[in-house]
Amino acid sequence: MSANQDAPRTAPAERYDALVIGAGLSGLAAGIRIAMYGKRVAVLEKHYLWGGLNSFYKRGGRLFDTGLHALTNYVDRRVSGKPLTRVVRQLRIGYDDLDLAPQSHSTVVSDGAVLRFSNQVDEMIENAGALAPSKKDRFVALVEDLSARRLGEEEEPERSARAELMDRLGDELLVDLLLIPCCYYGSARENDVDWDQFVILFHSIFLEGLAMPRQGIRPLLDLFKSRLEETGGELRRHSEVVRVLAQDGRATGVELADGTQLLADTILSSAGRVETNRLIDPERPEDPVRSPRGRLSFVETISVLDTDPRAMTGGHPDCTSSGVVFFSNSRPFRYERPDAAVDLSSGVISMTQNFPGAHADKEPVFRVTCLANHGRWTGIDGETYDAMKREWSDGALAAATAFCPDVRPHEVFRDVFTPTTITRYTGHHEGTVYGSPRKVRDGRTELDGLFLIGTDQGYLGIVGAAMSGISMANLHVLAASN
Ligand SMILES: Cc1cc2nc3c(=O)[nH]c(=O)nc-3n(C[C@H](O)[C@H](O)[C@H](O)COP(=O)(O)OP(=O)(O)OC[C@H]3O[C@@H](n4cnc5c(N)ncnc54)[C@H](O)[C@@H]3O)c2cc1C
């Protein structure tokens, strides 16, 4: 045997123009955008399924969506220049292929006061004015100011949206009615939301609007996946990145859990800020000032019903017919990691069947999402975990009876997901739902050639995450190569 044959055979590392860590919406969108320009790109996903937090699973013979209450940023196809129409245009996806059912209305409930809003912002202005007549002019001025802001163009220093809103509106009820949805749909900061982030969320929820993918998340994810394949991008599943390779301060590639090394000029990571730092150097202590960990996580109860809640008795009619109900039973609204396993004083309820035309042939679903403490859900045995799921999901459904019918007698199936489920789907430490409270708008990390996309770049939700992937791909891969 020759010396050559004795030598260990290692295949030369494959080389790509770009690698994307994570096949959530941000990673898929980034991969498509890069592949559209003829570049060699692979999207590396540690799971078999793609979609990240917006994914799907089967239980009890039924298909469930994870993390889908509503699609924010909904606009009609004719409204150009908004995140949804930009995503569609930049990825060359047919708007109709998204198959969206816009909401009729949703509600925010603060300590008994109900604000009904729809995809026409005037309805919210009227209703907010009726709740606080002496503040209506201030409310109108706020909406006008926010409408005039062009997103992403003015990066401001971090400041408190709660304080800013209180200053402008002078009314705690109105402040809470705006904060409850904006915190629940995208704040990583406890008891508040950064003003910059608030402006983005206000646009996505109130100035644009809510819709539901008519057949759930699966067709939308299939659309993104087939678009990636069509453009020549690769989706490599079961490909967990365990290390970012670097030389002289520049990222050069990644190492996968099976030891495979892949090289690339640019790497985009949707793994999260703290998590990506760990991929650079797992030994280095975390820097809680520059890259603080998020503390907020959720527990979600998903009840499948034999009867539509609109046909049940009880509840406030505007809530029972809402696509989404955002609620807080305390004022001021408390949005922090609870000491207990779950905080039942606030939450979000989603009723898919209330989006006209969505899930028409399916059983009604009632989802309640509340804040949770990750630590309380770990280090316990399976029996305790199951008992906690039963106890807290019962509590969440009971809390919802303050403004919706009691759906418990009509349940045919219940599933519950906890902070540990979120960690499993996203890889985020401690099940943090919206990542680190400090976002990185330009995506830069300590390494040249390695950039953040998605949750920790600061754009959230299905459309926001896709927009983040596209804009970071444009800036750091496509513009850089021209
Ligand atoms: C309960 C809940 C409800 C929500 N409801 C809605 C909603 O109704 N509408 C809406 O628009 N948004 C909703 N969101 C928010 C939305 O899910 C997120 O904003 C969006 O999924 C973020 O996408 P992303 O691509 O940034 O990250 P993620 O979805 O977190 O995807 C990251 C991907 O990276 C993979 N990954 C991580 N680390 C590695 C690694 N080392 N190697 C390889 N792969 C890795 C993960 O497996 C994952 O697939 C909800 C979130 C939660 C928690």
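Buried area is the accessible area, taken with a 1.4 Å probe, that two parts lose on being put together, summed over both. With that in hand, welcome to a predicted model, in which local features need pLDDT of at least 70, side-chain atom pairs count only at pLDDT 80 or more, and totals for chains, interfaces and linings use all residues. Residues are numbered from 1 along each chain as its sequence is written, and side-chain values use heavy atoms, with hydrogens and water left out.

**Domains and their interface**

- The protein is divided into domain 1 (14–68 + 216–291 + 439–478) and domain 2 (100–213 + 295–426), with bounds that come from an automatic or database domain assignment.
- Between the C-alpha centres of domain 1 and domain 2 there are 27 Å.
- About 2100 Å² is buried between domain 1 and domain 2, and carbon and sulfur atoms give 55% of that area.
- R62, L68 and R441 supply 26% of the area that domain 1 buries against domain 2, more than any other three residues.
- In terms of contact (heavy atoms within 4.5 Å), 21 residues of domain 1 meet 24 residues of domain 2.

**Salt bridges across the interface**

- Domain 1 and domain 2 share two salt bridges, each defined as a side-chain nitrogen of Lys or Arg within 4 Å of a carboxyl oxygen of Asp or Glu.
- R62 forms a salt bridge with E363, and their closest N and O atoms are 2.8 Å apart.
- β3 (56–59) and β4 (62–65) each supply at least two residues of the side of domain 1 that touches domain 2; strands here are DSSP runs (E, at least two residues) and helices are DSSP runs (H or I, at least four), numbered from the N terminus.

**The seven-stranded sheet**

- An open sheet with mixed pairing has the strand order β7-β6-β14-β15-β16-β13-β17, where two strands pair if DSSP finds at least two bridges between them.
- At the edges are β7 (113–117) and β17 (411–417), each of which pairs on one side only.
- Strand β6 (residues 106–110) pairs with β7 in the antiparallel sense over five bridges, and V108 stands opposite L115 in β7.
- Helix α13 (residues 419–426) lies across β13 (297–305), β16 (365–372) and β17, running at about 100° to β13; axes are lines fitted to C-alpha atoms, for helices over the stretch in contact, and angles run from 0 to 180 degrees between N-to-C directions.

**Backbone details to look up**

- The peptide bond from R331 to P332 is cis, with omega near 0°, and P332 is found in the loop between β14 (324–328) and β15 (342–350).
- N73, in the loop between β4 and α3 (83–91), has a phi near 65°, a positive value in a residue other than glycine.
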